[in-house]
Amino acid sequence: MGEILKQESFDPAPERASSTWADFLRSQADALLACDFIETVTLNGQRQYILAVIEHATRRVRVLGTTAHPSMSWVTQAIRNLAMRAAGRAI
């Protein structure tokens, strides 16, 4: 990519050359969410999976739900529910 820019006489933007991954993440923190499963075992021995999301800007953790059998459709619906709750307001 850099070679194409040089051939077309485009210099790299100064901030592009000096920007770090940490700088990028800080600048995008308001829009970043990370999600993962937490595995736990209940008192009666049943394995449960907890779907949690952390907001990078506030470091707030939201538990989206638990299930014994996570599936793509279950996760998709949990994320849709989060998006619907967040519609019209900052998460």
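Leu25 sits in helix H3, the stretch covering residues 21–28. This is a predicted model, so everything here is read from computed coordinates. Leu25 counts as partly exposed because its relative accessibility is 32%. Together with Trp21 and Phe24, Leu25 makes a nonpolar patch on the surface, and the three share about 330 Å² of accessible area.

Helix H3 also holds a charged pair. Arg26 and Asp23 both belong to this helix and are three residues apart, about one turn of the helix. They form a salt bridge, with the closest N and O atoms 3.0 Å apart. Arg26 counts as exposed because its relative accessibility is 59%, while Asp23, at 34%, is partly exposed.

Now for the overall layout. The chain has four helices and three strands. Of the 91 residues in the chain, 18% are buried. If you take contacts between residues at least 6 apart in sequence, 17% of them join residues at least 24 apart.

What about the inside? In soluble globular proteins, nonpolar side chains tend to be buried together. Here the largest nonpolar core has five residues: Leu51, Val53, Leu64, Ala78 and Leu82. Strand E2 and helix H4 (72–86) each supply at least two residues of this core. Leu82 is a handy one to click on: leaving aside residues up to four places away in sequence, Leu82 touches Leu33, Val53, Arg62 and Leu64.

How many salt bridges does the structure hold? There are three, and here they are side by side.

| Salt bridge | N to O distance | Accessibility of the partners |
|---|---|---|
| Arg26 and Asp23 | 3.0 Å | Arg26 exposed, 59%; Asp23 partly exposed, 34% |
| Arg47 and Glu39 | 2.3 Å | Arg47 partly exposed, 41%; Glu39 partly exposed, 46% |
| Arg62 and Glu55 | 2.6 Å | Arg62 and Glu55 both buried |

Glu55 lies in strand E2, which runs over residues 47–55. Its relative accessibility is 5%, and the cut-off for buried is under 20%, so Glu55 counts as buried. The side chains of Glu55 and Arg62 also make a polar contact, again at 2.6 Å.

The Arg47 and Glu39 pair is another case. Their closest N and O atoms are 2.3 Å apart. Arg47 has a relative accessible area of 41%, so it is partly exposed, and Glu39 is partly exposed as well, with 46%.

Where is Arg59? Arg59 is in the loop between E2 and strand E3 (61–67). Most residues other than glycine have a negative phi. Arg59 has a positive one, near 60°. The side of the story about solvent is simple too: Arg59 counts as exposed because its relative accessibility is 69%.

Technical notes: Residues are numbered from 1 along each chain as its sequence is written. This is a predicted model: local features need pLDDT of at least 70, side-chain atom pairs count only at pLDDT 80 or more; totals for chains, interfaces and linings use all residues. Side-chain values use heavy atoms; hydrogens and water are left out. Patches are made of residues with over 30% relative accessible area and no salt bridge: like charges are joined within 9 Å, nonpolar side chains (Val, Leu, Ile, Met, Phe, Trp, Tyr) within 5 Å. Accessible areas come from the Shrake-Rupley method with a 1.4 Å probe; for residues, only the protein chains shown count as cover. A salt bridge is a side-chain nitrogen of Lys or Arg within 4 Å of a carboxyl oxygen of Asp or Glu. Buried means under 20% relative accessible area, exposed over 50%, partly exposed in between (1.4 Å probe, protein chains only). A polar contact is a pair of N or O atoms within 3.5 Å; within protein, one must be able to donate a hydrogen and the other to accept it, and residues adjacent in sequence count only if both atoms are side-chain atoms. A nonpolar core is a set of buried Ala, Val, Leu, Ile, Met, Phe, Trp, Tyr and Cys residues joined through side-chain atoms within 4.5 Å. Contact means heavy atoms within 4.5 Å.
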